[in-house]
Amino acid sequence: METIQSDSPKKVFIETWGCQMNVADSEQMLGLLRAQNYTQTDKPEDADLVLLNTCHIREKATHKVLSRLGRMREISLEFNPKMKIAVAGCVAQAEGKKLMEKASNIDILLGPGKIQELPGLLAAHAADGKRAMAIGFEKHVVDSHRHDPAPELAVKTEVETPYVTNPTVTMKEEITRFVNIAQGCDNFCTFCVVPFTRGREISRPLESIVSEVKTLLTEGAKEITLLGQNVNSYGDDLVRDGKHVAPADGPFVELLDRVAQIPGVERLRFTTSNPHDFTKPVAEMFRKHKNLGRYIHLPVQAGHDDVLERMKRKVTVAQYMERIQWLRDIDPEMALSTDLIVGFPGETEDEFQGTLDLVEKVRYSFIYAFKYSSRKGTAAARFKDQVPEAVMHERLLRLQALQNRITTELNVAEIGNRREVLCHYASRKEPDVYYGRTEQFRLVKITSTRNLVGKTLTVDIVEANKTALVGVIV
Ligand code: SAH
Ligand code: SF4
Ligand code: F3S
């Protein structure tokens with residue numbers, strides 16, 4: 001029988017899908033594995049452990065996991081009989097045993113609420129050879145404070161958020177670091193699986209977040225991004241449970257105010273902001289703290305009140321626009337991005353036109369647009385009038401064409417502007433080429449013979465296209 005020895009060196013291959021939460025979880029799991037003497041490999045052929053951290057947000061996600069598992073089976077048969085496979089993330093939580101039945105090569109299955117159990121599950125599997133599984137949620141937050149130095153996680157992900165600056169760098173090289181402030185979600189938007197896969201909202205204690213931010217700064221982070229499914233309702237549960245004294249403007253404002261003042265936080269961002277809980281005091285933080293990035297991801301999902309109501313988003317288009325006005329009154333250059341779903345059940349051409357009108361009005365820097373995908377267990381899956389695929393497809397193309405035009409126009413309008421750019425990474429393909437972001441989160445390419453990573457530079461924007469700006473150091 002195989003025995004697990006924490007001193008025998010082993011290799012792990014990690015693949016991460018989905019949102020930034022999963023990236024943060026992968027980073028944490030790698031930290032746990034490093035304590036078991038694992039190092040990372042980018043070749044499943046060499047891996048003792050293959051770890052797939054999965055996303056359940058849309059239909060194809062599960063298929064993708066199964067097809068990836070099929071590929072791993074082939075690799076294992078051909079090159080790597082010792083390979084163990086662990087499936088983590090939201091598909092693991094949602095499908096549970098069913099996934100184990102569908103894919104007999106899964107050795108370990110663990111949900112997002114159980115990532116701390118990974119070493120224990122590995123040990124149990126090594127001891128008895130049986131498949132091991134842990135899903136479900138703790139009632140209290142499993143504190144995700146990372147005391148150990150940043151693991152060298154090469155993030156290979158198809159992210160759903162704008163926040164991975166470069167999918168090939170290791171976390172250690174990252175100038176931006178992510179800090180989970182809450183797990184789960186209480187909102188139950190009618191299309192969404194997240195409350196089922198991540199459980200109810202549980203916030204981390206404020207002091208623990210502050211202390212993690214300080215640790216990350218000592219590792220070289222310049223920009224901090226606070227993460228949650230609904231960051232604006234951060235801490236409401238702590239107040240409700242009597243664990244935190246209610247501050248006047250709410251716990252999220254208190255948290256932002258604290259973190260923005262930590263010396264070394266050159267830029268602070270947060271995601272995702274649900275417009276429903278986005279209050280005026282949150283907007284006012286952008287006035288008070290100049291290091292709050294002049295960009296915000298504010299998912300609206302649709303541009304018509306009837307659709308928003310069917311989605312249970314709890315805001316109207318007018319209320320959404322009001323929030324944007326608060327922000328742009330403080331800074332007229334405030335950049336925005338959003339998530340949009342086309343073809344939500346019952347969406348008429350007229351309702352879809354509302355989405356196009358909204359996009360035209362807000363002039364987002366970029367958008368994430370998705371075809372509605374029916375998810376088992378959600379309320380919308382039972383709605384009548386599911387929109388045909390061909391209609392969704394055509395609407396998505398129209399929406400994307402509109403946004404492409406706007407993105408290009410906004411980028412081209414940057415030519416001639418002088419901007420502060422925080423340089424994030426060096427190009428792996430072109431020598432002396434660096435990429436950074438303006439305060440408005442626009443990607444800027446800069447050429448330099450000295451290493452710019454982590455530096456804040458003043459540049460003149462001289463060229464622009466849909467994807468990026470070109471800056472020249474002043
Ligand atoms: N908590 C965030 C969203 C997280 S999910 C918020 O409330 O804004 C990320 C995005 O995936 C959503 O904003 C939505 O646009 C998209 N999405 C979620 N469920 C979906 C579904 N069933 N079909 C299509 N897109 C979906
Ligand atoms: Fe899903 Fe809505 Fe929660 Fe966002 S706020 S994670 S869309 S249920
Ligand atoms: Fe996907 Fe789970 Fe995030 S379903 S989008 S990985 S919360």
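A polar side-chain atom of Asp339 lies 2.6 Å from an oxygen atom of ligand 1, a polar contact being a pair of N or O atoms within 3.5 Å, where within protein one must be able to donate a hydrogen and the other to accept it, and residues adjacent in sequence count only if both atoms are side-chain atoms. This is a predicted model, in which local features need pLDDT of at least 70, side-chain atom pairs count only at pLDDT 80 or more, and totals for chains, interfaces and linings use all residues. Residues are numbered from 1 along each chain as its sequence is written, chains are lettered from A and ligands numbered from 1 in the order in which they are written, and side-chain values use heavy atoms, with hydrogens and water left out.

**Ligand 1**

- An oxygen atom of ligand 1 is 2.7 Å from a polar side-chain atom of Gln301.
- A polar backbone atom of Ser373 lies 2.7 Å from a nitrogen atom of ligand 1.
- The protein buries 93% of the 540 Å² that ligand 1 exposes when taken alone (Shrake-Rupley method with a 1.4 Å probe).
- Strand 14 (335-342) and strand 15 (366-371) are the elements that give two or more residues to the shell around ligand 1; strands are DSSP runs (E, at least two residues), numbered from the N terminus.
- Among the 16 residues around ligand 1, those that come nearest are Phe191, Gln229, Gln301, Asp339 and Ser373; a residue is near a molecule if one of its heavy atoms lies within 4 Å of it.
- The shell around ligand 1 comprises 6 nonpolar, 5 polar and 5 charged residues (Ala, Val, Leu, Ile, Met, Phe, Trp, Tyr, Cys and Pro count as nonpolar, Asp, Glu, Lys and Arg as charged, and the others, Gly among them, as polar).

**Ligand 2**

- The residues surrounding ligand 2 include Cys185, Cys189 and Cys192, together with Phe191, Gln229 and Arg313.
- The shell around ligand 2 has 7 nonpolar, 3 polar and 1 charged residues.

**Ligand 3**

- Around ligand 3 are Cys19, Asn22, Cys55, His56, Ile57, Cys90, Val194, Arg198 and Gln229.
- By class, these residues divide into 5 nonpolar, 3 polar and 1 charged.

**Domains**

- Domain 1 (1-136) and domain 2 (415-473) are the divisions of the chain, with bounds from an automatic or database domain assignment.
- The C-alpha centres of domain 1 and domain 2 are 37 Å apart.

Conventions. Helix = DSSP H or I, 4+ residues; strand = E, 2+ residues; numbered from the N terminus.
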